[in-house]
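Reader: Could you take me through this structure, please? I am new to it.

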Amino acid sequence: MSATVAVILMLAVGTYALRLVGPVLHGRLELPARVQELLSAGAVVLLVALLATGALTEDGGFAGWARPAGVLIAGVLAWLRAPFAVVVLAAAATAGGLRALGVA
């Protein structure tokens, strides 16, 4: 067995184990309310950081103004509970329109 196959199998077993822990420990482990609040806040912070790095950077530098504008429009429309297709199309149209006008 090659090292690559062994690593893939170990990652598969680890992923399955992590997915299994939730249902197995659901009723047995009670987290304090403060820990639950911190975990929820941490999840939001990680998602915002992922959004910011994806929207603002490209190849280690600033991505330009078109992409953040598209993300901003998508965020506003999602917050207003617009349909998903409308959110995606509006973001793409915004970014594409700005790039067509020469805004990088």
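Reader: What should I know about the model before we start?

Author: This is a predicted model, in which local features need pLDDT of at least 70 and side-chain atom pairs count only at pLDDT 80 or more, while totals for chains, interfaces and linings use all residues. Residues are numbered from 1 along each chain as its sequence is written, and side-chain values use heavy atoms, with hydrogens and water left out.

Reader: How many helices and strands does the protein chain have?

Author: The protein chain has four helices and two strands. Both kinds of element are DSSP runs numbered from the N terminus (helices are H or I with at least four residues, strands are E with at least two). Along the sequence their pattern is α-α-β-β-α-α.

Reader: Is the chain a compact globule or more spread out?

Author: The protein chain is more spread out than a compact globule, because its radius of gyration is 20 Å, well over the 13 Å that the globule rule gives for 104 residues. That radius is taken over C-alpha atoms, and the rule is 2.2 Å times the number of residues to the power 0.38. The C-alpha trace spans about 55 × 45 × 25 Å along its principal axes.

Reader: And how much of it is buried?

Author: Buried residues make up 11% of the 104 residues. Buried means under 20% relative accessible area, exposed means over 50%, and partly exposed lies in between (1.4 Å probe, protein chains only). The chain exposes about 8300 Å², of which carbon and sulfur atoms supply 75%. These areas come from the Shrake-Rupley method with a 1.4 Å probe; for residues, only the protein chains shown count as cover.

Reader: Which residues make the nonpolar surface patch?

Author: Tyr16, Leu20, Val21, Val24, Leu25, Leu29, Leu31, Val35 and Leu39 make a nonpolar patch of about 780 Å². Helix H1 (3-25) and helix H2 (33-56) are the elements that give two or more residues to the patch, and H1 has the largest share, with five. Nonpolar side chains (Val, Leu, Ile, Met, Phe, Trp, Tyr) are joined within 5 Å, and like charges within 9 Å.

Reader: Take Val24, then. Where is it found?

Author: Val24 is found in helix H1. Its relative accessibility is 43%, so Val24 counts as partly exposed.

Reader: A new topic: which rings form the aromatic pair?

Author: The structure holds one aromatic pair. The rings of Phe62 and Trp65 have their centres 5.1 Å apart and their planes at 70 degrees, so the pair is edge-to-face. Rings of Phe, Tyr and Trp (its six-membered ring) pair if their centres lie within 6.5 Å; planes under 30 degrees apart count as stacked, over 60 as edge-to-face and the rest as tilted. Phe62 is partly exposed at 47%, and Trp65 is exposed at 61%.

Reader: What does Pro68 touch?

Author: Not counting residues up to four places away in sequence, Pro68 touches Ala55 and Leu56; contact means heavy atoms within 4.5 Å. Pro68 is in helix H3 and is buried, with a relative accessible area of 15%.

Reader: Lastly, where does Asp59 lie?

Author: Asp59 lies in the loop between strand E1 (57-58) and strand E2 (61-62). Its phi is near 55 degrees, a positive value in a residue other than glycine.

Methods
Patches are made of residues with over 30% relative accessible area and no salt bridge: like charges are joined within 9 Å, nonpolar side chains (Val, Leu, Ile, Met, Phe, Trp, Tyr) within 5 Å. A salt bridge is a side-chain nitrogen of Lys or Arg within 4 Å of a carboxyl oxygen of Asp or Glu.
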